[in-house]
Amino acid sequence: MFEILLSVPSFEQKQLSKYSKNIVSSVKASGGIALLHNHSKRSFLAIAVSEKEKEFFKALISDMIVNFVIEVYKYNFFKEKFYVNENEITEAFLNAISIFDSDADKEIIKGEIEFGDEILIDSFYFFKLTGLQSKWRKTIEIISQNQIQNNKFTMIEVIKYLTETSDNNVSVAKVSLNEKNIKLENFEEKRQFKRTINGRSKFFSELIKLNPARITITLDSEDGEDDVLPLLNQIFDDKIYVLN
């Protein structure tokens, strides 16, 4: 049997549960054992699968750790420096910085992962990825020196640049806007989802993370257009297609 224990501090329990869903379902489908539990101020994911599937699950675990570091720790790294006012532009800015150059970051993270009986994801981040954090600090210096975070319009221009120069995670995202909520859908085989999102800030965060190559928009009300579409156009520009 291939057995491994992954853990984070208990205050990151929700994130561990979120990022391990694919692993847990794959383990159970293979007839293995996957168990999420808490003990002594830490949250654990215990995995046991057959030896013949070891390499497959090591790859899944590596991907999970990489996404956890990028979307949780990297995001929080920049949030500690730049989070002033909670609004959709600030959130979009933080998420755009987090996805920028993430392919290079992912290669660095994967190169540092060592498999043993247990991986403490937080310790791995703080002690094995100090070089990566130094790289991110240089980004912080550039942003601070140019006072980008102090100007709404400059932030939008930076968000636009970062999304344009980052890889698209999906080809098409379908958006339905109305005065009560926003529906976000994608139908690609490997990343199918359908979500109803309450709140502009969360919507822009989700869309920035997806960074679609094309966004089709259906307007269910004039309020939806007034509230969201102008900022969408500023960030995504010619990727936007409004359907009548």
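The paragraphs below go through the salt bridges of this structure and then one of its helices. The model is predicted: local features need pLDDT of at least 70, side-chain atom pairs count only at pLDDT 80 or more, and totals for chains, interfaces and linings use all residues. Residues are numbered from 1 along each chain as its sequence is written, and side-chain values use heavy atoms, with hydrogens and water left out.

Side chains of opposite charge can pair when their charged atoms come close. A salt bridge here is a side-chain nitrogen of Lys or Arg within 4 Å of a carboxyl oxygen of Asp or Glu. By this rule there are eleven salt bridges. One of them joins Asp122 and Arg42, at 2.7 Å from N to O. The pair connects distant parts of the chain, as Asp122 is in helix α6 (residues 121–128) and Arg42 in strand β3 (residues 42–49), 80 residues apart. Helices (H or I, at least four residues) and strands (E, at least two) are DSSP runs, numbered from the N terminus. Both Asp122 and Arg42 are buried, where buried means under 20% relative accessible area, exposed over 50%, and partly exposed in between (1.4 Å probe, protein chains only).

Lys74, Asp101, Asp105 and Lys135 form a network of salt bridges. Within this group, the side chains of Asp105 and Lys135 meet at 2.5 Å, N to O. Asp105 lies in helix α5 and Lys135 in helix α7 (residues 130–145), so the pair ties together parts that are 30 residues apart in sequence. Asp105 counts as buried, at 1% relative accessibility, while Lys135 is partly exposed at 25%.

In helix α9 (residues 200–210), the buried residues include Phe203, Phe204 and Leu207. Asn211 follows α9 and has a positive phi, near 45°.
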